[in-house]
Amino acid sequence: MDQHQDKQQLHQELLSCRDGIDDIDQALVELLAKRSALTTRVGEIKSQTGMPIYVPEREKELLSKRRAQAQELGISEQLVEDLLRRMMRESYRTQNRRYLCVNPAIKKVVVIGGAGALGKVFVNLFESSGYPVTVMEKSDWDNAEVILGDADMVLVSVPITLTEQVIQQLTMLPEHCVLADITSVKVKPLNAMLAAHKGPVVGLHPMFGPDAPGMIKQVVVVCHGREQAAYQWLVEQMKTWGANLYESTAEEHDNAMAFIQVMRHFSSFVYGKHLSEESPDLDTLRDFSSPIYRLELAMVGRLFAQAPELYADIIFNNPDNVALLRRFHKRFGDAIELVEAQDKAAFIKQFLLTSNWFGEYAKHSLVESKKLLLKADDDRV
């Protein structure tokens, strides 16, 4: 057989392999459709029984079994886990339609600011659970006595700068009414609610933005105020919505947010401002970047695609943030001095001290970030 015939035979074999792959891909899509039908039915059952959409133990068990199966068959465990996680995200989405109403005795939920971006998320969640929801906006305050006078729950979802002012006006609520807020600071709003309302009070901070499809796997911080038993139904309702709930004092929450939100947003703001004034070509930066740098650049760009008032409120709200940012500024300056002095030994020493402080979390972060980077690289065309 000459070289030309060899190439022809290999070409035919390649075509045959591609046909086989196409057949398998078609079968995979058909299997995904069957799986979707089953997960949709699971969602319907959960909505009738009150079971939470997200069950960590079940997900962990499923992944463990399939990884073991992959190992036996000699294929990548990571590949199988990635595929399953992507399918599970879709499953959660298809199940995210109707939820059990944990407390049918609640006849009226009022969301103040419910027409806003995050307010709409909560309106949809309550309505998906069968609660009657009334949205109250600025133009409705003349009718506040009527709207709020028979409310069983009032959720305040307004900008940080207006939160206390709005809460202070809520003196007409029925004593049994649950009063809650979803502001990203907690000490001042919680104290304002306790002062304005004699009934049940709870502070909530959903750690997700309005672009989230719901609460599945999302963190919500719960700061207890008064009469926890009276609003426990709300806590249980959020669990059925799939939330990961963490209890905290308002003070502990606000201290943590200074690092989680304020410093990150401020650092991104300064980085973005620096880029805009240096004015490099963004396309070049993106094209030359590896996945990790593209992700970092994307996180900065993401900030500037959103409302500046939101981030200004978070950063400017607490005067204590200034002292923290000043300390950050000083440490940044100290690090620059090391570079100017070409003191690599001091840099390495500080690097190692910081690495020791992070401990095992640094190694965990390396593993987790590798997973994210693989996904980021897959998305690049």
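## Salt bridges and a nonpolar patch

Glu360 is exposed, with a relative accessible area of 58% (exposed means over 50% relative accessible area, buried under 20%, and partly exposed in between, with a 1.4 Å probe and protein chains only). The model is predicted: local features need pLDDT of at least 70, side-chain atom pairs count only at pLDDT 80 or more, and totals for chains, interfaces and linings use all residues. Residues are numbered from 1 along each chain as its sequence is written, and side-chain values use heavy atoms, with hydrogens and water left out.

**Salt bridges within helices**

- Glu360 pairs with Lys363 in a salt bridge whose closest N and O atoms are 3.5 Å apart (a salt bridge is a side-chain nitrogen of Lys or Arg within 4 Å of a carboxyl oxygen of Asp or Glu).
- Helix α15 (residues 360-379) holds both Lys363 and Glu360, which are 3 residues apart, about one turn of the helix (helices are DSSP runs of H or I with at least four residues, strands are runs of E with at least two, and both are numbered from the N terminus).
- Lys363 is likewise classed as exposed, its relative accessible area being 55%.
- A salt bridge also joins Lys330 to Asp334, with 3.1 Å between the closest N and O atoms.
- Both Lys330 and Asp334 belong to helix α13 (residues 320-340), where 4 residues, about one turn of the helix, separate them.
- Lys330 is exposed at 53% relative accessible area, whereas Asp334 is partly exposed at 32%.

- In total, the structure holds 13 salt bridges.
- Lys217 and Glu59 form a salt bridge in which the closest N and O atoms lie 3.0 Å apart.
- Because Lys217 sits in the loop between β5 (201-206) and β6 (219-226) while Glu59 sits in helix α2 (residues 56-73), the pair ties together parts that are 158 residues apart in sequence.
- Glu59 is buried, with 7% relative accessibility, while Lys217 is partly exposed, with 34%.

**Nonpolar surface patch**

- Phe347, Ile348, Phe351 and Leu352 make a nonpolar surface patch of about 430 Å² (patches are made of residues with over 30% relative accessible area and no salt bridge, joining like charges within 9 Å and nonpolar side chains, namely Val, Leu, Ile, Met, Phe, Trp and Tyr, within 5 Å).
- Phe347 is located in helix α14 (residues 344-358).
- Phe347 counts as partly exposed, because its relative accessibility is 44%.

How values were computed
Areas by Shrake-Rupley, 256 points an atom, 1.4 Å probe, with all protein chains shown as cover.
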